[in-house]
Amino acid sequence: MNTAMYQAATGAQAFGYVLILIAGVALVAGIIWAFRLGAKVREREPAPPRPDEQPKMPPGGPVRETREVREPDEVPRAGDESERLTPHQLGNVGTKRAADQSRPRWTPGSSGSFGGGGGGRT
């Protein structure tokens, strides 16, 4: 028989095996720690609402969606021609109800969407 088959692991191989074992134990310990941390966080969260705490429908019935065409408000102008307004001076540009409430439609002959594959306007 060949005696080379029964040789003990060398020092470098044994160190590698021990290193892999330590890494595996550390990984399992990390997973257990994360699970316990998650359980503690969940215990601190408030309980789900009871049925009597659930939202109720308004007395007038369900609220319906309102559809209307909106248009942007006029953008404020700078006082001097050389002066420019910066975005923080403009603020939030609001919208107002448009005078024409007809819904915009696609133009005949257009594809209807970008890259829709239609012929487009010719």
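1. Helices (H or I, at least four residues) and strands (E, at least two) are DSSP runs, numbered from the N terminus. By that definition, the span of residues 14-35 is 100% helix and 0% strand, and its end C-alpha atoms lie 32 Å apart. UniProt, in an unreviewed entry, places the feature "transmembrane region" at these residues, 14-35, although such annotations may be inferred rather than shown by experiment.

2. Please keep in mind that this is a predicted model, in which local features need pLDDT of at least 70 and side-chain atom pairs count only at pLDDT 80 or more, while totals for chains, interfaces and linings use all residues. Residues are numbered from 1 along each chain as its sequence is written, and side-chain values use heavy atoms, with hydrogens and water left out.

3. Helix H1 has 34 residues and reaches 50 Å from its first C-alpha to its last, close to the 50 Å expected at 1.5 Å a residue, where the expected span is 1.5 Å times one less than the number of residues. Of these 34 residues the number buried is 0, so H1 lies largely in the open; buried means under 20% relative accessible area, exposed over 50%, and partly exposed in between (1.4 Å probe, protein chains only).

4. Val41 lies in helix H1, which covers residues 11-44, and is partly exposed, with a relative accessible area of 34%.

5. Turning to the strand, Thr95 lies in S2 (residues 95-97) and is partly exposed at 44% relative accessible area. Thr95 and Arg70 are 25 residues apart in sequence, yet 6.1 Å apart in space, C-alpha to C-alpha.
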